[in-house]
Amino acid sequence: MRLYCTKQGRDIEVAISDHMSLYVCGVTPYDSAHTGHLAMAATYDVIARRLRSLGARVRVVRNITDVDDPLLPRAARLNIPYWDLVEQEVSQWNADIRRLNLTSDVEPRASQHIDHMVSAIEEMSAAGRTYEIEGTIYFRISPDSRFGEVSHFDRARMVETSRERGGDPDRAGKEDPLDFILWQPSRPGEPQYDAPFGRGRPGWHIGCSVMSREHCGMRVDIHGGGADLIFPHHECEAAQDRSMQHSTDVGIWFHSALLDYKGEKMSKSRGNIVLARDLLARYNSMTVRLATLSHYTPRGGGEWQDHYADEAAERLAKWTRAAESQYGPDPRRVEAEFYSRLDNNVELGEAVAVADELVDQTLTYGGSDSRTPRVIRDFMAVLGLERSR
Ligand SMILES: [Zn+2]
């Protein structure tokens, strides 16, 4: 399997082994999780399934960022305690990902790793990598000539993107506009924790450095997340990793593109989203899963169309019928083609179209090859469609 590494700027052959790890940055907040998020989550799930089918043992870690900025104002707006909102969100998300066959081995929560975040920040401070402005601890990027090597953004673009995505490049007193928050004082109603450098809460990026180290060890073979996390989140995470001893080394940074809808990137702020919740209320969860995969390519994205769910329901019914038939045409060419699409940057949409070919031939012409139904069942298994709910 080849995956495009954002940092190295080229496709990298994934080395199959019996101790691999895949770390994926999860979705927060869940109430607005949309089909674009599902396509991304399914991408990494399919990668893990495919690697396992090739003999790998893969540990999948999908973190939950439960001490996060977007949740704080919402709890205030809804006038409910912060942790009530978080528990609601997390249990809904867990129920839905189970229905969607989105598996992981561990789902670490940021709130359960505060102590380790505090010690990581202390380690950075001891190494001269932090400074404070009014209780906020910043990570100092100036000693790190490699800052920017994950995203390849130039400085102006980094500053602008940081401003758009919750950073504070314009705050007075910062040594560098790109220095980012490791720890900050909590506002009333926000979660807060004790730390030697003051009571408060962690910044956005420190959690992933700590959780990846704790749950994947020194090596993350594949680090995933949406393309919108390349900067600042993953750039900052990589900088933090470099500043610590015994930190994680990432083999491949593989990002999945955002999905378009009505001509623009699906986003809550633009209002052009199709909520996962709404689809799951109307369709079988395997139909929803197949709908999100059927036209998606992690490298290029794709456009969501409203008829995809109905189309997927029909497709799933056909695939299931073909998988239950006794014979079909010689499956070998299509089988090779299917896996070559999957192994080329998880070209999901193309792989689905190739599978359709074998399914259609089986249902239309039949055949005399008893391997075909098994091959179709394997396609469904690697795409995570094995249970129809
Ligand atoms: Zn992350």
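The model you are looking at is predicted, and the structure holds 36 salt bridges. Its protein chain is assigned two stretches, domain 1 (2–261) and domain 2 (307–382).

- R99 and D96 both sit in helix α3, which covers residues 82–99.
- The two residues are three apart in the chain, about one turn of the helix.

**How the two domains meet**

- Between the C-alpha centres of domain 1 and domain 2 there is a distance of 36 Å.
- Domain 1 brings 10 residues to the contact, and domain 2 brings nine.
- The size of an interface is often expressed as the accessible area lost when the parts come together.
- For domain 1 and domain 2 the buried area is about 910 Å², and carbon and sulfur atoms supply 51% of this area.
- On the domain 1 side, the residues that lose the most area to domain 2 are R2, V46 and R50; together they make up 59% of what that side buries.

**Polar and charged links across the interface**

- One salt bridge is found across the interface of domain 1 and domain 2.
- R50 and D343 form a salt bridge, and their closest N and O atoms are 2.8 Å apart.
- Five residue pairs are in polar contact between domain 1 and domain 2, counting pairs with both residues at pLDDT 80 or more.
- On the side of domain 1 that touches domain 2, two elements give two or more residues each: β1 (2–5) and α1 (35–53).
- The element that gives the most to this side is α1, with five residues.
- By type, the residues on this side of domain 1 are five nonpolar, one polar and four charged.

**The zinc ion**

- Which residues coordinate the zinc ion? They are C25 through its SG atom, C208 through its SG atom and H233 through its NE2 atom, at 2.1 Å.
- Along the sequence, these donor residues follow the spacing C-x182-C-x24-H.
- C25 and H233 link distant parts of the chain, as they are 208 residues apart.
- C25 belongs to the loop between β3 (20–24) and α1, while H233 belongs to helix α7 (residues 230–243).

**Two backbone details to look for**

- Most peptide bonds are trans, and most residues other than glycine have a negative phi.
- The bond between F231 and P232 is a cis peptide bond, with omega about 5 degrees.
- N101 has a positive phi, near 60 degrees, although N101 is not a glycine.
- You can find N101 in the loop between α3 and α4 (114–126).

Methods
Residues numbered from 1 in each chain as written. Predicted model: local features only at pLDDT ≥ 70, side-chain atom pairs only at ≥ 80, totals over all residues. Heavy atoms only, no water. Domains from an automatic or database assignment. Contact = heavy atoms within 4.5 Å. Buried area = accessible area lost by both parts, 1.4 Å probe. Salt bridge = Lys/Arg side-chain N within 4 Å of Asp/Glu carboxyl O. Polar contact = N/O pair within 3.5 Å; in protein donor to acceptor, adjacent residues only side chain to side chain. Helix = DSSP H or I, 4+ residues; strand = E, 2+ residues; numbered from the N terminus. Nonpolar A, V, L, I, M, F, W, Y, C, P; charged D, E, K, R; others polar. Donors = N, O, S within 2.8 Å, 3.2 Å for Na, K, Ca; no water.
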